[in-house]
Amino acid sequence: MELIVQKFGGTSLTDEQSRSHVLRHVIREYKAGSKVVVVVSAMGRKGDAYATDSLLELIRRNGDALPPRERDLLLSCGELISAAVLCSLLQAAGIPAVVLTGGQAGIVTDGHYGSARIVKMDCDRVERHLTDKQVVIAAGFQGVSGSGEVTTLGRGGSDTSATALGAALKADVVDIYTDVDGILTADPRWVANARPLAAVSYEEICNMAHNGAKVIHPRAVELAMKAGIPVRVRSTFSDGEGTLVTHERALRGQGIWYDRTVTGLAHVSDVTQLAVINPDGPADLQLRVFRAMASHGISVDFINVMPTGVHYTVSEKDAPLAIELLRELGLEPKVRKACAKVSVIGGGMNGEPGVMAVIVEALTDSGIPILQSADSNTTIWVLISQEDLAAALQALHTAFRLHLSPVGGN
Ligand code: ADP
Ligand code: MG
């Protein structure tokens, strides 16, 4: 008997019509004889009554004056509302179902409110309900600490709940249902002709997610990868197969992998570039700069160390503090705000010559200056001005012929 974990994101639960699609997917798997664990997010997006952002808005008006413990209690409500509403739909359809909080579903975390890490899974109760032929609906994004406090897992936490449950229950597959047809060659909000990929490796999607593709949380992928549980990212609103995520060797074994150089594009907006050039500065200038950033938890990127100084980027929200810290060191950085980082990603680009040439040509032909670049054996990153982002993504997508990716064939 198959065990399936299905995760439904906020937009899949917004209104009655979308919930009817959710119901259809749950009932289909249940009637096919599978054990079904459903993980739900809070309903809708910002502006919708019970969305996580709306719950936060309720306290923002009071100057956010709520301690972290109570804040997590508030945030955990959105998923419980979704879970109870879905339970009522299943019961009305004659399907036995039970709602569990994250803690009741066995997700035990550390005590870091707002970004708790899972430390243990204890799924006996879930297994009992499944044996009793009940659909288990678990509230995503939440767990319980060792001392019994409700915790939340941070953004994208419901994806993590789903793959953690999948790993602990040795699920046959974890289905991440969302509002797009799968993992696409680029963010469809930016590239209109982005195409769904039939299959990607864990590494590739992790890489895309770390570089800004918010379709699935990288921590969720890492958990699935460790346990070797296949993940499918698919649409709530269609019956498409979506994108299979598994080990590259498994994809090769199934004959659904060919050596593509570039799999897709990802991007991060709101990046600030800092240039600290000071030929007469102290010999350990670079060290001082990065120590200052590290000691204040500022993550740095695009690091380019030169004898005369250093270039690097920080997120826009960290930029004011980063600049202040540099000034405290007696350094005056050159600041370029409103940059974006574009990542060209592909497990197959390792050792493949000419990828950078295609990037430079595509951007140059579109009149887009490259401010900085960096590369690894699976990714090339370029820093550009935010105002060039849409044109850059489209130019690169076309240059790598990603709009021609064979749907279902790769
Ligand atoms: P959910 O509420 O279902 O968790 P998310 O908003 O977290 O949904 O993730 C789905 C969204 O991710 C899509 O609507 C899409 O705009 C965005 N996205 C970004 N990059 C990609 C990509 N490469 N492939 C698919 N979706 C992407
Ligand atoms: Mg999501």
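Arg24 touches Thr236, Phe237, Ser238 and Asp239, leaving aside residues up to four places away in sequence; contact here means heavy atoms within 4.5 Å. The model is a predicted one, in which local features need pLDDT of at least 70 and side-chain atom pairs count only at pLDDT 80 or more, while totals for chains, interfaces and linings use all residues. Residues are numbered from 1 along each chain as its sequence is written, chains are lettered from A and ligands numbered from 1 in the order in which they are written, and side-chain values use heavy atoms, with hydrogens and water left out.

Arg24 belongs to helix α1 (residues 16-31). Helices (H or I, at least four residues) and strands (E, at least two) are DSSP runs, numbered from the N terminus. With a relative accessibility of 32%, Arg24 is classed as partly exposed; buried means under 20% relative accessible area, exposed over 50%, and partly exposed in between (1.4 Å probe, protein chains only). The C-alpha atoms of Arg24 and Glu203 are 31 Å apart in space, and the two residues are 179 apart in sequence.

Ligand 1 is surrounded by 20 residues, of which the closest are Arg45, Thr178, Asp179, Leu184 and Arg189; a residue is near a molecule if one of its heavy atoms lies within 4 Å of it. The shell comprises nine nonpolar, five polar and six charged residues. In this division Ala, Val, Leu, Ile, Met, Phe, Trp, Tyr, Cys and Pro count as nonpolar, Asp, Glu, Lys and Arg as charged, and the others, Gly among them, as polar. A polar side-chain atom of Asp179 lies 2.8 Å from an oxygen atom of ligand 1, and a polar side-chain atom of Lys7 lies 3.1 Å from an oxygen atom of the ligand. For Lys214, a polar backbone atom is 3.5 Å from an oxygen atom of ligand 1. Taken alone, ligand 1 exposes 570 Å², and the protein buries 89% of that; the areas come from the Shrake-Rupley method with a 1.4 Å probe.

Two aromatic pairs are present in the structure. Rings of Phe, Tyr and Trp (its six-membered ring) pair if their centres lie within 6.5 Å; planes under 30 degrees apart count as stacked, over 60 as edge-to-face and the rest as tilted. The ring centres of Phe8 and Tyr177 are 4.7 Å apart and the planes are at 15 degrees, so this pair is stacked. Phe8 lies in strand β1 (residues 3-8) and Tyr177 in strand β9 (residues 173-178), so the pair ties together parts that are 169 residues apart in sequence. Phe8 is buried, at 0% relative accessible area, and Tyr177 is buried at 0%.

Thr272, in strand β13 (residues 264-277), is buried with a relative accessible area of 0%. Beyond residues up to four places away in sequence, the contacts of Thr272 include Tyr312, Val314, Glu316 and Arg336. Thr246, in strand β12 (residues 243-246), is buried at 8% relative accessibility.

Most residues other than glycine have a negative phi. Ala338, which is not a glycine, has a positive phi of about 55 degrees. Ala338 is placed in strand β16 (residues 334-345) and is partly exposed at 35% relative accessibility. Phi of Arg401 is likewise positive, near 55 degrees. Arg401 is in the segment after α13 (389-399) and is exposed, with a relative accessible area of 55%.

Key:
Polar contact = N/O pair within 3.5 Å; in protein donor to acceptor, adjacent residues only side chain to side chain.
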